[in-house]
Amino acid sequence: MPKQLEVDGVPAVLAPVTGPMHAGLVFRVGVADEPLVKRGITHLIEHLAVHGRAGVGTHTNSTTGVEHTYFHARGTAEHIAAFLNGVCAALRDLPAGRIDAEKDVLRAEAGGRRPEPRSMWRHGARDYGMPSFGERGLPGLTGDDLHGWVAQFFTRENAALWVAGDEVPPGLRLNLPEGVRQPAPMPSTALPVTPAWFAAHGDGVAWDTVVRREARAAVFANVLERQLLRELGGDSDDRPEIRTEYEPRVSRTARISAIAEAPPERRPALLAGLTGVLSAMRAGRIRDTDVSTVVDLTCAGLREADERGGRLPGQAVNVLAGRGVRGVEEAVAEVRAVTVDDVAEVSAAAYRAGLLMAPAGTTTGPDGWTAAPGVSEAAVTGRTHRARGNRGLRLVHGADGVSVVEGDAIRTVRYDACAAVYAWPDGGRRLIGDDAIAVRVEPTLYRDGAAAVADIDARTPPGTRIEMPPRDPERIPQPRRGWREVWGPARPNG
């Protein structure tokens with residue numbers, strides 16, 4: 001059983017391990033805490049805190065997750081203490097001269113990533129929907145913004161420490177600012193009905209769900225992967241990439257994802273196969289041997305992780321959430337108790353809460369699945385502007401918000417539910433609602449469009465504007481070729 005203690009007022013867990021000593025500091029702050037206009041602030045602070053901190057003979061890393069931010073070091077006790085002490089010192093006095101350089105580093109890192117869209121479709125443009133959005137808030141972040149974020153989240157009361165070793169490193173001083181414990185945000189929802197589906201561009205098909213956080217849910221995730229590999233694996237020379245992920249959350253829930261990647265011509269078959277496996281497991285068609293194999297592998301993995309300290313970060317997260325530590329035998333016993341019937345129950349609950357990402361161009365979802373809303377129920381009232389070159393398209397703006405209407409299809413962003421407004425110097429605007437519905441306003445495409453933009457700017461809620469860099473003139477939509485860009489995808493792309 002790990003030992004619980006305090007280090008400079010920070011709750012800590014300590015356990016001896018086989019192999020090198022390592023330790024880490026976790027804060028209860030992540031992407032889900034960020035409003036869209038400050039998207040990227042936690043990641044930027046993480047980078048600033050570790051810049052130049054790696055010592056000789058020490059392996060260090062740091063990560064910004066959905067709910068937590070981690071700083072980790074492996075090496076001698078002296079090197080670990082020096083790294084974590086340096087992180088705490090940097091958090092108290094962020095290197096202002098590095099802010100612009102680290103913004104450039106983060107932009108370069110983002111160039112190779114494509115945000116996954118499922119979080120946005122499930123939660124909207126807020127809290128747990130933030131992983132679907134790029135770090136668009138970076139350009140506008142100031143030193144004052146960073147210091148305010150540190151004062152709120154990177155504090156002694158909002159941190160926990162883990163140490164995989166015989167003792168706390170001598171000389172470790174967690175000199176953090178005082179603050180208060182920050183609970184995780186409550187997950188919002190943009191899905192009125194589940195199971196639901198949507199179509200999007202991507203490398204394959206995907207599904208996710210939210211269930212209770214418990215051992216049988218983790219077993220279900222791995223049993224699902226085994227069944228998908230068996231049913232969808234294909235020939236060894238043409239095998240799609242299939243994986244499942246189990247992500248525990250502070251709220252005692254867990255997100256389970258299944259992803260199957262393959263060339264475009266194979267995706268319709270993957271979609272049918274994925275939904276077929278989910279339906280079969282929902283009906284209880286689960287192999288005893290799959291469950292017993294996953295249970296055995298999970299228990300072995302728990303014991304191996306316990307020996308090298310791999311369970312300690314999770315233990316620190318539990319302590320930070322107000323829960324106690326759990327010995328490995330208790331965890332193993334919970335997994336050993338999982339039965340086929342347990343996995344079937346989780347399968348049914350997971351199916352009911354599921355969200356399916358189908359290939360772009362899909363027009364009909366599987367039987368029993370409802371299309372996730374990609375348009376709004378109603379338009380605002382106000383002044384109407386007809387589009388040049390497209391008589392069926394119109395822009396409406398008034399005291400309550402902005403709508404773009406084409407036929408029966410409506411997209412609306414209300415000012416009292418506006419997550420952000422992207423603003424280009426040429427007058428282009430894109431308003432993102434809390435539900436992630438986007439309204440594009442291009443003054444070049446509407447009669448008296450400049451007046452519409454001026455009115456929208458005057459009514460935009462304070463603190464929601466994101467200044468965008470100038471666009472190439474060739475990319476500014478024009479009536480003869482650009483009105484379709486106003487309609488575009490149902491949701492913003494990153």
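User: Where does aspartate 341 lie, and is it buried or exposed?
Analyst: In this predicted model, aspartate 341 lies in helix α11, and it counts as exposed because its relative accessibility is 59%, where exposed means over 50%.

User: How far apart are aspartate 341 and tryptophan 197?
Analyst: Along the sequence, aspartate 341 and tryptophan 197 are 144 residues apart, and in space their C-alpha atoms are 27 Å apart.

User: And what about glycine 427 and proline 443, how far apart are they?
Analyst: Glycine 427 and proline 443 are 16 residues apart in sequence, and the distance in space from C-alpha to C-alpha is 6.5 Å. Glycine 427 is found in the loop between β17 (418–423) and β18 (429–433), and with neighbours within four places in sequence left aside, glycine 427 is in contact with Val441, Pro443 and Val453.

User: Why does glycine 427 count as buried?
Analyst: Glycine 427 counts as buried because its relative accessibility is 10%, and buried means under 20%.

User: Let's switch to salt bridges. How many are there?
Analyst: The count comes to 35 salt bridges. As a general point, side chains of opposite charge can pair when their charged atoms come close.

User: Which residue meets arginine 336 in a salt bridge?
Analyst: The side chain of arginine 336 meets that of aspartate 296, with 2.6 Å from N to O. This pair links distant parts of the chain, since arginine 336 belongs to helix α10 (residues 328–336) and aspartate 296 to helix α8 (residues 288–308), 40 residues apart.

User: Why are arginine 336 and aspartate 296 called partly exposed?
Analyst: Arginine 336 is called partly exposed because its relative accessibility is 47%, and aspartate 296 is partly exposed because its relative accessible area is 43%.

User: What about arginine 28 and aspartate 33, are they buried or exposed?
Analyst: Both arginine 28 and aspartate 33 are buried, and their side chains meet in a salt bridge with 2.7 Å from N to O.

User: Which residue forms a salt bridge with glutamate 334?
Analyst: Glutamate 334 forms a salt bridge with arginine 326, and their closest N and O atoms are 2.6 Å apart. Glutamate 334 counts as partly exposed at 32% relative accessibility, and arginine 326 likewise counts as partly exposed, at 26%.

User: Which residues do shared partners join into one network?
Analyst: Salt bridges that share partners join Glu116, Arg118, Arg122, Asp208, Glu247 and Arg255 into one network.

User: New topic: how many residues are in the largest nonpolar core?
Analyst: The largest nonpolar core has 44 residues, and those with the most contacts inside it include Trp207, Phe220, Leu228 and Leu274. Helix α6 (215–232) is one of the elements that give two or more residues to this core, and α6 gives the most, with nine residues.

User: What is leucine 228 in contact with?
Analyst: When neighbours within four places in sequence are left aside, leucine 228 is in contact with Gly233, Ile242, Thr244, Ala258, Leu274 and Val277.

User: What about the backbone, which residues does a cis peptide bond join?
Analyst: A cis peptide bond joins threonine 194 and proline 195, with omega about 0°, and proline 195 is found in the loop between β6 and β7 (196–200).

User: What is the phi of alanine 436?
Analyst: Alanine 436 has a positive phi of about 75° although it is not a glycine, and this residue lies in the loop between β18 and β19 (438–441).

User: Last one: how many residues line the second largest pocket?
Analyst: The second largest pocket is lined by 25 residues, of which Ala110, Arg113, Phe133, Gly134 and Glu135 lie nearest its centre, and its volume is about 700 Å³. By class, the lining has 11 nonpolar, six polar and eight charged residues.

Methods
Residues are numbered from 1 along each chain as its sequence is written. This is a predicted model: local features need pLDDT of at least 70, side-chain atom pairs count only at pLDDT 80 or more; totals for chains, interfaces and linings use all residues. Side-chain values use heavy atoms; hydrogens and water are left out. On a 1 Å grid over the protein atoms alone, a cavity is a set of points where a 1.4 Å probe fits but cannot get out, and a pocket is an open set with protein on both sides within 12 Å along at least five of seven lines; lining residues have an atom within 4 Å of a point. Grid points are joined across faces, edges and corners, and a volume is the space filled by probe spheres set on the points. Ala, Val, Leu, Ile, Met, Phe, Trp, Tyr, Cys and Pro count as nonpolar, Asp, Glu, Lys and Arg as charged, and the others, Gly among them, as polar. A salt bridge is a side-chain nitrogen of Lys or Arg within 4 Å of a carboxyl oxygen of Asp or Glu. Buried means under 20% relative accessible area, exposed over 50%, partly exposed in between (1.4 Å probe, protein chains only). Helices (H or I, at least four residues) and strands (E, at least two) are DSSP runs, numbered from the N terminus. A nonpolar core is a set of buried Ala, Val, Leu, Ile, Met, Phe, Trp, Tyr and Cys residues joined through side-chain atoms within 4.5 Å. Contact means heavy atoms within 4.5 Å.
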